[in-house]
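Please look over the sequence and the structure before reading on.

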2 protein chains.
Amino acid sequence: MKKQIQIADAELPIMKVLWEKDNLTSPEIFAGMDGNISTLKTLLQRLVAKGAVRATEINSRTFRYSPIITRDEYTNASCKSFMQKVFDGSAEKMLLNFVKEDKISRKDLQKLLDMIEEE
Amino acid sequence: MKKQIQIADAELPIMKVLWEKDNLTSPEIFAGMDGNISTLKTLLQRLVAKGAVRATEINSRTFRYSPIITRDEYTNASCKSFMQKVFDGSAEKMLLNFVKEDKISRKDLQKLLDMIEEE
DNA sequence: TCGTATAGTTTACATTAGTAATCTCAAAAT
DNA sequence: ATTTTGAGATTACTAATGTAAACTATACGA
């Protein structure tokens with residue numbers, strides 16, 4: 001049972017950058033992101049501390065960062081716990097809600113169906 | 001802009017009980033729930049404090065509790081922020097992921113489609 | 001070579017969340 | 001009337017989160 005690493009909301013944007021392109025230096029990560037630079041440093045640090053991101057030393061005192069947790073791992077775990085929490089683990093309940101609330105249209109559903117059929 | 005009331009994970013089970021049946025006394029709420037009774041009291045109190053639950057006095061020092069936030073309000077807000085956070089606000093991305101991960105089957109989708117067609 | 005910019009480290013602090021024990025005081029029981 | 005019970009209030013404490021300033025020491029530019 002590998003203990004679940006929790007990625008906090010404020011940390012997620014950093015993960016997203018690294019999922020897009022990894023092996024970046026911290027300035028590369030932070031360029032394009034908004035928020036206070038000190039805060040971003042702290043968040044990156046915490047991600048490294050909790051084992052979500054790996055820091056590889058290049059020069060002494062500078063690193064390149066890469067995600068250890070994959071986007072899929074994160075997404076799957078989040079979806080699962082979200083579905084569990086809000087819809088008592090029922091995907092159908094969730095879907096139904098999305099349809100009722102017009103978050104998804106008939107067309108979207110059809111598109112999805114087609115996509116499945118193709119495989 | 002009504003400020004978003006956040007319902008914490010540990011508080012949610014109490015809300016779920018009240019969404020099922022409201023105007024309950026605290027012993028009625030807690031019966032059937034598990035967890036330390038003191039903890040449950042704290043959580044109920046916090047829900048009242050943050051305006052998610054209304055306490056109506058019956059005798060002095062005893063109350064009946066009812067949800068102020070509706071299940072739909074909660075569900076919609078949660079879905080929205082979850083989708084925003086994880087799927088950058090795209091319902092399709094999310095659905096697609098659920099399908100890819102086999103959380104939803106072709107059959108489920110078809111059922112939904114049928115359901116929509118009927119209206 | 002020396003100064004400086006800055007990547008990374010340390011420290012800080014308020015808030016929320018999870019968990020729970022203890023206290024208070026009226027209502028119910030005897 | 002007195003005791004007991006228990007609903008609700010108060011207090012507590014740790015961990016996580018969001019936010020950010022200050023410090024340190026090196027790599028690079030002048």
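## Fold of chain A

Read from the N terminus, the elements of chain A follow the order α-α-α-β-β-α-α-α. That comes to 6 helices and 2 strands. Helices and strands are DSSP runs (helices H or I of at least four residues, strands E of at least two), numbered from the N terminus.

This is a predicted model: local features need pLDDT of at least 70, side-chain atom pairs count only at pLDDT 80 or more, and totals for chains, interfaces and linings use all residues. Residues are numbered from 1 along each chain as its sequence is written, while chains are lettered from A and ligands numbered from 1 in the order in which they are written.

Chain A has a radius of gyration of 18 Å, whereas a compact globule of 119 residues would have one near 14 Å. The radius is taken over C-alpha atoms, and the globule rule is 2.2 Å times the number of residues to the power 0.38. Along the principal axes, the C-alpha atoms of chain A fill a box of roughly 55 × 30 × 30 Å.

Of the 119 residues in chain A, 18% are buried. A residue is buried if 20 or more other C-beta atoms lie within 10 Å of its own, exposed if 12 or fewer, and partly exposed in between, with C-beta atoms placed from the backbone. Contacts need C-beta atoms, placed from the backbone, within 7 Å. Among contacts in chain A between residues at least 6 apart in sequence, 47% join residues at least 24 apart.

Leu44(A) sits in helix H3 of chain A. Is Leu44(A) buried or exposed? Leu44(A) is buried, because 23 other C-beta atoms lie within 10 Å. Beyond its neighbours within four places in sequence, Leu44(A) contacts Ile14(A), Ser26(A), Ile29(A), Val53(A) and Tyr65(A). Thr62(A) is 18 residues away from Leu44(A) along the chain, and their C-alpha atoms are separated by 13 Å.

## Hairpin of chain B

S1(B) and strand S2 (residues 63-67) of chain B pair in the antiparallel sense over 5 bridges. Pairing requires at least two DSSP bridges between two strands. The two strands form a hairpin with 5 residues between them. In the turn, Arg61(B) has a positive phi of about 80 degrees. Arg54(B) stands opposite Ser66(B) in S2(B).

Ala55(B) lies in strand S1 (residues 53-57) of chain B. Ala55(B) counts as partly exposed because it has 16 C-beta neighbours inside 10 Å. Setting aside residues up to four places away in sequence, Ala55(B) touches Val48(B), Phe63(B) and Tyr65(B).

## Positive phi in loops

Asp88(A) is not a glycine, yet has a positive phi of about 50 degrees. Asp88(A) is placed in the loop between helix H4 (71-87) and helix H5 (91-100) of chain A. Asp88(A) counts as exposed, with 10 C-beta neighbours inside 10 Å.

Asn23(B), also not a glycine, has a positive phi of about 60 degrees. Asn23(B) is in the loop between helix H1 (12-20) and H2 of chain B. With 13 C-beta neighbours inside 10 Å, Asn23(B) counts as partly exposed.

## Protein interface

In the interface, 26 residues of chain B contact 26 residues of chain A. On the chain B side, helix H4 (71-87), helix H5 (91-100) and helix H6 (106-118) each supply at least two residues. That side has 14 nonpolar, 5 polar and 7 charged residues. Ala, Val, Leu, Ile, Met, Phe, Trp, Tyr, Cys and Pro count as nonpolar, Asp, Glu, Lys and Arg as charged, and the others, Gly among them, as polar.

## DNA surfaces

DNA strand D is surrounded by 24 residues, the closest being Ala8(A), Ala10(A), Asn36(A), Ser38(A) and Ser26(B). A residue is near a strand if its C-beta atom, placed from the backbone, lies within 6 Å of it. The surface near DNA strand D has 5 nonpolar, 14 polar and 5 charged residues.

DNA strand C is surrounded by 23 residues, the closest being Ser26(A), Phe63(A), Ala8(B), Asn36(B) and Ser38(B). Which element gives the most to the surface near DNA strand C? H3(B) does, with 4 residues. The residues near DNA strand C divide into 5 nonpolar, 13 polar and 5 charged.

Notes. Two residues are in contact if their C-beta atoms, placed from the backbone, lie within 7 Å.
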